[in-house]
Amino acid sequence: MSISSFLTKKFLKSLFFPAHSRGKALPKELIKILKSPPGFWDLPELPEMGSTLSKRGLIAEAQKSLSEKFNTKRCFFGVNGASGLIQSGIIAMANPGECILMPRNVHISVIKACALQNIVPIFFDIEFSIETGHYKPITKNWLANVFSNLDLEKKKIVGVILVSPYYQGYASEIEPLIEICHKNNLPVLVDEAHGSYFLFCENINLPKSAIRSEADLVVHSLHKSLNGLTQTAVLWHKGNLIEEDKLINSISLLQTTSQNSLLLSSCEESLKDWINEDNLCQYQKRILEAKDIFNELIQRNIPLVETQDPLKLVLNTSKVGIDGFTADKFFYKNGLIAELPEMMTLTFCLGFSNHRNFIILFQELWEKLKLHPKKSICMKAIKPPFRLVQSPEIPIGIAWRSKTHSIPLAESLGKISGDIICPYPPGIPLIIPGERIDQERIDWIESQSLYNEDLLNSYIRVLNT
Ligand SMILES: Cc1ncc(COP(=O)(O)O)c(C=O)c1O
């Protein structure tokens, strides 16, 4: 089968990203473009259009009008996902050799930007739930404690990255966290890849978007948490702690010189779509329906995990002794395609289309899944063994570029990693280049690998000594 023929494959229920649910919730203006003769819309950077960094042109105007609408200094569209814009933000924040404070569950794009620029990641650990195998949202007290354990004299920390919401939908109260960082004179980049639509939903009790706070940079993934095409994203710039020129240089450093016009249009339309009052009403209705679906499934004794994002349904399959990977295969076979399998849970993304008949279908499949033969009596999530504050022993950029050889993970004790061990999804690194591999981490990965094929019999590149 070719890629193109797979693209038209039908599934019973597509509960994955992009959140436009296979076109059902795409902005009307974008649908109009897609209905024009095939490829007609594929324009280069003509003077009328410009690019995301031009001073004039339709793209500049759209970005300006959106940044005015949301009281930010600048707004930049991106066509290399939230990953690309997060990386530009990081490069604007820190020079080679400087340090950025970040939680242990940052997305892999952050680590790669650090490797590229030889920026030092200073990781802080996060509370962990053994019930779900997920990190818990960061609280003000937790972050304050992290700061009190930092040696700010010794390490040149120049910025902080925060992630909220997480992939599964857990969100922190972001404002007090930003305040702590600002009190320490540090700018903050909030990775809000999974929370773009929070910007439009404070009135229905969704968490406050980082755009409404004093964050310095905020990145949204428009295909994950708004109704944009895959790869679309937006970076918002606020305050005076990050220099605008530096940010523009960093965006220019990483972005293609041939931005896809359809994707740029999708950036504009997905945001404008939500500004329109009638559409907003419809979308908010969907979100409230998603809350109802959650409540109804809970009433039917289906073990869902509560998060702050109503569009994520997190099924705790471990409650019936089934791991999320096995459950994922089962649902896939039955036409219900999920987004994120993990050891204890399986996460579905409801997206912005409606979900008639979903509850009955979901319950039927759940009852069948409970009878699955591959059950484990005792499933236990173990907290990843990280210290409260930790940084790689050798600078990441040096380790990344060093000569390495590949050995089985089990034989790598005490060696320096030249590799990122990072199962995707969720794309959270367990070991990064420059870190010394300890017994606790080997044991932890081995205990998890019983369930996750990505980690099974894994090899790791370690530095030649
Ligand atoms: C927390 C987080 N940030 C950023 C990204 C990257 O987003 P994108 O796929 O739009 O590049 C992801 C992707 O999974 C993510 O989970």
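Tutor: Helices (H or I, at least four residues) and strands (E, at least two) are taken here as DSSP runs, numbered from the N terminus. The model is predicted: local features need pLDDT of at least 70 and side-chain atom pairs count only at pLDDT 80 or more, while totals for chains, interfaces and linings use all residues. Residue numbers start from 1 along each chain as its sequence is written.

Student: Is Gln 231 buried or exposed?

Tutor: Gln 231 lies in the loop between α8 (222-225) and β10 (233-237). Its phi is near 90 degrees, a positive value in a residue other than glycine. A residue is buried if 20 or more other C-beta atoms, placed from the backbone, lie within 10 Å of its own, exposed if 12 or fewer, and partly exposed in between. Gln 231 has 20 C-beta neighbours inside 10 Å, so it counts as buried.

Student: Is Asn 205 buried or exposed?

Tutor: Asn 205 belongs to the loop between β8 (188-191) and β9 (217-221). Phi of Asn 205 is near 65 degrees, again positive in a residue other than glycine. Because 11 other C-beta atoms lie within 10 Å of it, Asn 205 is exposed.

Student: Which strands stand at the edges of the sheet?

Tutor: Eight strands form an open sheet with mixed pairing, in the order β2-β10-β9-β8-β7-β3-β4-β16; two strands pair if DSSP finds at least two bridges between them. A strand with a single partner is left without a neighbour on one side, and so the edges are held by β2 (74-78) and β16 (389-390).

Student: In β7, what is the bridge partner of Cys 99?

Tutor: Strands β3 (residues 99-103) and β7 (residues 157-163) run parallel and are joined by three bridges. For Cys 99, the bridge partner in β7 is Ile 157.

Student: Which residues does Leu 101 touch, leaving aside those up to four places away in sequence?

Tutor: Leu 101 is found in strand β3, and it is buried because 27 other C-beta atoms lie within 10 Å. Contact requires the C-beta atoms of two residues, placed from the backbone, to lie within 7 Å. With residues up to four places away in sequence not counted, Leu 101 touches Ile 122, Phe 124, Ile 157 and Val 160.

Student: Which helix gives the most to the shell around the ligand?

Tutor: A residue is near a molecule if its C-beta atom, placed from the backbone, lies within 6 Å of it. The ligand is surrounded by 15 residues, and the closest are Gly 81, Ala 82, Ser 83, Ala 193 and Ser 221. With three residues in the shell, the helix that gives the most is α4 (residues 81-93).

Student: How many residues does domain 2 bring to the contact with domain 1?

Tutor: An automatic or database domain assignment supplies the bounds, dividing the protein chain into domain 1 (28-277) and domain 2 (403-463). Their C-alpha centres lie 28 Å apart. Domain 1 gives six residues to the contact, and domain 2 gives nine residues.

Student: What is omega for the cis peptide bond from Ser 164 to Pro 165?

Tutor: Pro 165 is placed in the loop between β7 and α7 (174-183). A cis peptide bond also joins Phe 17 and Pro 18, with omega about 0 degrees. For the cis bond from Ser 164 to Pro 165, omega is near -5 degrees.
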